[in-house]
Amino acid sequence: MRNFLYGVDVGGTAIKIGLFSCAMQHIEKLELETPTEEHETKIFETITQGIRILNEKNGLTFDDIVGIGVAVPCPIKNGYVERCPNLDWYKINLNENFKKWVPKEVKVRFANDANIAALGERSMLYESYEDVVMVTLGTGVGGGVIIGGEMVEGARGSGGEIGHMLIVDPSEVDFDCGCGSRGCLEQIAGTRGILSYAQKMIEKYPDSILIGKKFTVKDVFDAAKANDKAASATFERVTEYLARALAIIAVIIEPEIFIIGGGVSKAGDFLLQSIEKKYKEKARFDTDKIRFALAVTGNNAGIIGAALMIKES
Ligand SMILES: [Zn+2]
């Protein structure tokens, strides 16, 4: 009987591998370093190694495994990746290549990590929602879109890349986005955008408590909570653009709920309430009724969603 699932999350620095029962009970997690060379084969090798370790520890073999779901940080369509510079993958079908590493009875499916996180978070909500949009705020700004219970990959895999929505005049930003363009939401609401704008605001408001410090996004948001002018101006700009982006998404697909996640979302209700308030001022028609929630799975969103993807396939 095949009663177990694997959810894998491949990041730039670590590969997380989670073992789950088919009832989605989390059994064990293992974290291995992402190989820095020969990505194509080494990443597959590392995932297989990790699975063998967890199988052995839990008295399992591949005969007990339904499948392996894998989250990757790049646009991907039906397993095909055109380019993923940070993992050095070019024109590769990950589903087909990885199948060679495991017995053919084991299901294999790769998908975008933000889409997978949305799938994981959706399963944690108290009510069941078919249409969900998740925004992940961290170094980058990720987006996951689920419509009718299915992840939206788009025609070539760029569906749901909310972080690269052209939302600010490119002349207002003075560095290139990770995608190579300028004016993306990520340049405002990603870590680099937040820190560089905060620095500018500190120069404008030299009485800021952040002056002379090496600060993090958390420091900026904490200072905003304490009504520091430079930090508040930065925080308001971030939530203004996020609200604007969500209002645009709302009139295109009108999801039932927006989920805000990622490291930056640790600011919690302070962040969520600010985005929601600004969003409601911009919402058209009945889109002001869309609900908001904070993500709850934290670092495990990728492995949970990846295992779920196999369970639901
Ligand atoms: Zn971009």
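How many Å separate the centres of domain 1 and domain 2, taken over C-alpha atoms? The figure is 28 Å. Keep in mind that you're looking at a predicted model.

**The two domains**

According to the domain assignment, domain 1 is made of residues 4-120 plus 300-311, while domain 2 covers 126-295. The two do touch: 13 residues of domain 1 are in contact with 18 residues of domain 2.

Let's look at the domain 1 side of that meeting place. Both β7 (107-112) and α3 (113-122) provide at least two of its residues. Of these, α3 gives the largest share, with 6 residues.

| Kind of residue | Count on the side of domain 1 that touches domain 2 |
|---|---|
| Nonpolar | 8 residues |
| Polar | 2 residues |

**An open sheet**

Now for a sheet to trace by eye. Five strands line up in the order β10-β9-β8-β11-β12, making an open sheet with mixed pairing. At its edges you'll find β10 (150-151) and β12 (291-294). Each of these has a single partner strand, so one side of each has no neighbour in the sheet.

Which residue of β10 is the bridge partner of I147? That's E150.

Notes:
Residues numbered from 1 in each chain as written. Predicted model: local features only at pLDDT ≥ 70, side-chain atom pairs only at ≥ 80, totals over all residues. Domains from an automatic or database assignment. Contact = placed C-beta atoms within 7 Å. Helix = DSSP H or I, 4+ residues; strand = E, 2+ residues; numbered from the N terminus. Nonpolar A, V, L, I, M, F, W, Y, C, P; charged D, E, K, R; others polar. Pairing = 2+ DSSP bridges.
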